[in-house]
Amino acid sequence: MDKRRIAILGSTGSIGRQTLDVVRQHPDLFEVELLTANTSSETLIAQAIEFDVNSVVICSEDKYREVAEALQPKGVKVFAGIESACELVAASSVDIVVAAMVGFSGLRPTLAAIAAGKTIALANKETLVAAGEIVTETALRCNARILPVDSEHSAIFQCLLAAQGNTVTRLHLTASGGPFRSWEREKIAEAKAEQALRHPNWTMGAKITIDSATMMNKGFELIEAKWLFGLAPDDIHIIVHPESVIHSMVEFEDGAVIAQLGCPDMRLPIQFALSFPRRLSLEGRKLDFASLASMTFFEPDREKFPALELAVGAIKRGGNAPCALNAANEAAVSAYLAGKIGFYDISDIVRKCLDGMDFVARPTLDDIFATHREIFSRAEKMC
């Protein structure tokens, strides 16, 4: 395998840091070309020095001077603003772009990388949720490969490698159920952000951890799966699996099911996307079947987690509805993390925004950005 040159959009977040851990374990196979961060200047500086990168982008322009003064004497090129990230990911010196930025902000640079025909290791859910049709059509036109980094979609991708082209009838997306899966609805209603951030199985960023607690994250993953694998929403089944050992499953016409199993470690799907089709060694805990007392499965409680139905309804409606879903959720989650609203206010705000949105059946990219701005602002005012 030739050495692969990597750009990481969002290197200071959870996925970005774990990507760099994979690179640490395989410095002979991966080289970091570009790092970007929003505001975490100190972490970005430390990463750039450790991995001797060519360029960095600090998207928050008021942090530019601090980063430039620290890195330019070391020969690192320093840029500011999201447009710089869009330009640099298209450079010929980049082979793989890890799209790990949080939220809607990841759409523009990810699309720029896709338009340049890059291989995308996609961890940013919002890119496909908000603009799935545009993203997949652009990838097809520009011959860009999208490799999923979400553990569930990576699992499906790996199962499909064993499918030998046979027809898939259903996808089974597993969900941990989050920290509130065993709580009563009345108790969940009073849950504070610090409780919602205590995910039982996975270590993730704050926004995605709250989305896991509401199960909006699983709704987003259903939307992603529709675009990644070409199945209708009704053929994508969400099943709660608290042990997080089976990461997802693929079902075929004869009833056979292929599953992908492993310990809950995001470095596994990250590394597979970076090294595909080759598998590499990875330090860390390995699955011990003898220690598994049991594996349990049950249907999600859609009354306790109404975000699921909102997501399913949005993708069935189509058009710019999933973009509106994402924008309202992004604003509401931010307000919840800040202690401004309650847990169920998140889904209530999302529902109200979807009910009152200006629907566009075949949105352009301009329509997507306009919808995001409008709905995000509307949700913020509700908060």
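This is a short chat about a predicted protein model.

Visitor: What kind of model is this, and how are residues numbered?
Guide: The model is predicted, so local features need pLDDT of at least 70 and side-chain atom pairs count only at pLDDT 80 or more, while totals for chains, interfaces and linings use all residues. Residues are numbered from 1 along each chain as its sequence is written, and side-chain values use heavy atoms, leaving out hydrogens and water.

Visitor: How many helices and strands are there?
Guide: The protein chain has 16 helices and 11 strands. These are DSSP runs, numbered from the N terminus: helices are H or I with at least four residues, strands are E with at least two.

Visitor: How compact is the chain?
Guide: Its radius of gyration is 20 Å, close to the 21 Å from the globule rule for 383 residues, so the chain is as compact as a globular protein of that length. The radius is taken over C-alpha atoms, and the rule is 2.2 Å times the number of residues to the power 0.38.

Visitor: How much of it is buried?
Guide: Of the 383 residues, 56% count as buried. Buried means under 20% relative accessible area, exposed means over 50%, and partly exposed is in between, with a 1.4 Å probe and protein chains only.

Visitor: Switching to H13. Which residues are buried there?
Guide: Helix H13 covers residues 307–317. Its buried residues are Ala307, Leu308, Leu310, Ala311, Val312, Ala314 and Ile315.

Visitor: What do they pack against?
Guide: Their partners are helices H10, H11, H14 and H15, plus strand E9. Contact here means heavy atoms within 4.5 Å.

Visitor: What follows H13?
Guide: Glycine 318 does, and its phi is positive, near 80°.

Visitor: Which residues touch the most others in the largest nonpolar core?
Guide: Val56, Leu171, Phe180, Leu325 and Tyr336 do, in a core of 96 residues. H14 gives the most to this core, with 10 residues. A nonpolar core is a set of buried Ala, Val, Leu, Ile, Met, Phe, Trp, Tyr and Cys residues joined through side-chain atoms within 4.5 Å.

Visitor: And what is in the second core?
Guide: That separate core has 32 residues, including Val89, Ile120, Ala130 and Phe369.

Visitor: Where does isoleucine 120 lie?
Guide: Isoleucine 120 lies in strand E6, residues 119–122. Its relative accessible area is 1%, so isoleucine 120 is buried.

Visitor: What does isoleucine 120 touch?
Guide: Leaving out residues up to four places away in sequence, its contacts include Val97, Ala99, Ile114 and Leu147.
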